[in-house]
Amino acid sequence: MTIRNEMLQLAREAKEAGRVMANLSSTVKNDLLGRMAAALEGGAEELIAANERDLAAARKRGLAPAMIDRLVLNDERIKAMADGLREVAALPDPVGEITGMWRRPNDIQVGRMRIPLGVIGIIYESRPNVTADAAGLCLKSGNAVILRGGSESIHSNTAIGALLKEELKHLRLPAAALQVVATTDRAAVLELLKLEEEIDLIIPRGGEGLIRFVSENSRIPVIKHYKGVCHAFVDASADFDMAEKICLNAKTQRPGVCNALETLLIHKDLAETFVPRIVAALRQAGVEVRGCEVTRSFAPDVTPAAESDWPAEYLDLILAVKVVDNLEEAADHINRYGSLHTETIITRDYTNAQRFLREINSSVVMVNASTRFSDGNQLGLGAEIGISTTKLHSFGPMGLEDLTTRKFIVLGDGQIRQ
């Protein structure tokens with residue numbers, strides 16, 4: 001069978017399975033996820049053995065230590081995957097929710113009901129835990145899911161998928177509701193991206209290169225998140241202690257993630273005092289600071305910032321710093337160089353805080369809080385499938401509700417249109 005025909009068959013089977021999953025009760029879905037969690041814990045030895053094959057191949061290929069660390073499965077990480085499935089099971093089920101009803105002058109009642117999207121394709125890199133996390137979220141929201149992980153984690157992903165599929169079979173549910181693409185051939189991705197009649201949404205999770213590749217080749221709607229160029233603006237009225245604490249946390253708590261701070265904007269009225277203070281604190285935390293000319297006038301040994309620093313996503317202990325005249329200039333900078341991910345203002349001025357919330361159109365906008373809170377779990381979603389910086393059909397961290405859409409429902413009593 002050709003790769004094209006293999007992917008087409010897989011997607012068609014997923015579409016059929018999706019119709020079954022869409023009509024399952026919350027009780028059945030929650031039972032399924034609980035069984036899947038237990039299966040992961042019970043199969044830990046099998047999963048670690050499969051993972052060792054991936055790790056051996058990764059070392060042979062000379063992958064970086066950070067990449068290898070992302071691949072590792074151990075008892076602790078397997079338990080975390082299982083706990084994640086149980087947490088998703090405990091979340092409210094959005095499917096079937098009526099999001100408002102209203103009565104028209106002719107007495108028909110009109111409302112909107114949440115329904116699953118159908119078939120979701122997840123294309124991802126590195127972390128095997130995404131296999132379980134994505135499966136749990138998609139199945140709980142009544143969707144079928146096709147998972148295509150990176151070649152570096154093929155044995156781990158396949159083993160996780162096999163354990164999860166067995167629990168579908170035990171409950172006499174269609175195993176095709178959860179499919180892990182078994183081939184590492186990149187042609188399989190290209191073929192999946194052509195199947196707009198069978199697959200309803202593609203969610204790529206990984207580096208900017210992967211996301212651009214998927215976006216440029218897909219006929220199917222794609223939830224995109226190219227990078228996280230997150231900003232903090234320290235306003236003229238900011239409390240220095242609060243500003244320092246927030247900026248350090250946002251940059252250093254976990255610098256290699258998309259919600260870490262990448263550019264710090266400082267109001268000119270406090271630059272003379274705050275720039276030396278924050279630069280010293282950042283350096284003590286091991287951060288390399290790259291500053292504009294004004295920043296360097298108050299901290300002369302800071303590395304000069306280049307134009308390429310303003311749109312940069314460092315994912316490292318590096319921070320760009322710029323002094324701005326006012327909130328308007330800060331907003332202009334964010335709108336020009338930002339990636340629509342997460343921005344925060346540190347201020348004691350209520351009017352400026354409200355202006356920042358209104359005028360900054362990123363997916364998450366904060367007042368007096370670290371950008372590290374831009375995470376589905378931290379925002380109360382329970383779990384997330386990813387972060388969207390595309391305004392359609394979801395914007396920001398995506399939870400269960402974002403894996404559904406709404407249909408209109410109409411209740412009548414014999415009315416006909418005149």
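At what angle do helix α2 and helix α7 pack, and how far apart are their axes? I am working from a predicted model. I find an angle of about 140 degrees between α2 (residues 26-42) and α7 (residues 154-170), with the axes 9 Å apart. Angles over 145 degrees would count as roughly antiparallel. The pair α2 and α7 is therefore oblique. I note the crossing of α2 past α7 as right-handed.

Next I listed the residues in this contact. From α2 I have Leu32, Arg35, Met36, Ala39 and Leu40. They meet Ile160, Leu163, Leu164, Glu167 and Leu168 of α7. Sorted by class, the contact of α2 with α7 has 8 nonpolar and 2 charged residues, and no polar ones.

I then turned to helix α3 (residues 44-61) against α7. Their axes come within 7 Å and cross at roughly 160 degrees. That makes α3 roughly antiparallel to α7. This crossing, too, I record as right-handed.

Which residues of α3 meet α7? I wrote down Glu46, Leu47, Ala50, Asn51, Arg53 and Asp54. Their partners in α7 are Ile154, His155, Ser156, Ala159, Ile160 and Leu163. By class, the contact of α3 with α7 has 6 nonpolar, 3 polar and 3 charged residues.

**Sheet**

What is the order of the strands in the open sheet? I read β5-β4-β3-β6, 4 strands with parallel pairing. The edges are β5 (178-180) and β6, each of which pairs on one side only. From one strand to the next, the twist averages 15 degrees.

I checked what packs on the sheet. Helix α1 (residues 3-21) touches β3, β4 (144-148) and β5. The direction of α1 makes about 150 degrees with that of β4.

**Strand β6**

Strand β3 (residues 119-124) pairs with β6 in the parallel sense, over 5 bridges. In that pairing I find Ile120 opposite Leu201 of β6. Helix α9 (residues 208-217) lies across β3 and β6 and runs at about 160 degrees to β6.

Is β6 largely enclosed or open? I find 4 of the 5 residues of β6 (residues 201-205) buried, so the strand is largely enclosed by the rest of the structure.

Methods
Residues are numbered from 1 along each chain as its sequence is written. This is a predicted model: local features need pLDDT of at least 70, side-chain atom pairs count only at pLDDT 80 or more; totals for chains, interfaces and linings use all residues. Side-chain values use heavy atoms; hydrogens and water are left out. Axes are lines fitted to C-alpha atoms, for helices over the stretch in contact, and angles run from 0 to 180 degrees between N-to-C directions. Helices (H or I, at least four residues) and strands (E, at least two) are DSSP runs, numbered from the N terminus. Angles under 35 degrees count as roughly parallel, over 145 as roughly antiparallel, 65 to 115 as roughly perpendicular and the rest as oblique. A crossing is left-handed if the near helix is turned anticlockwise from the far one by less than a right angle, and right-handed if clockwise. Contact means heavy atoms within 4.5 Å. Ala, Val, Leu, Ile, Met, Phe, Trp, Tyr, Cys and Pro count as nonpolar, Asp, Glu, Lys and Arg as charged, and the others, Gly among them, as polar. Buried means under 20% relative accessible area, exposed over 50%, partly exposed in between (1.4 Å probe, protein chains only). Two strands pair if DSSP finds at least two bridges between them.
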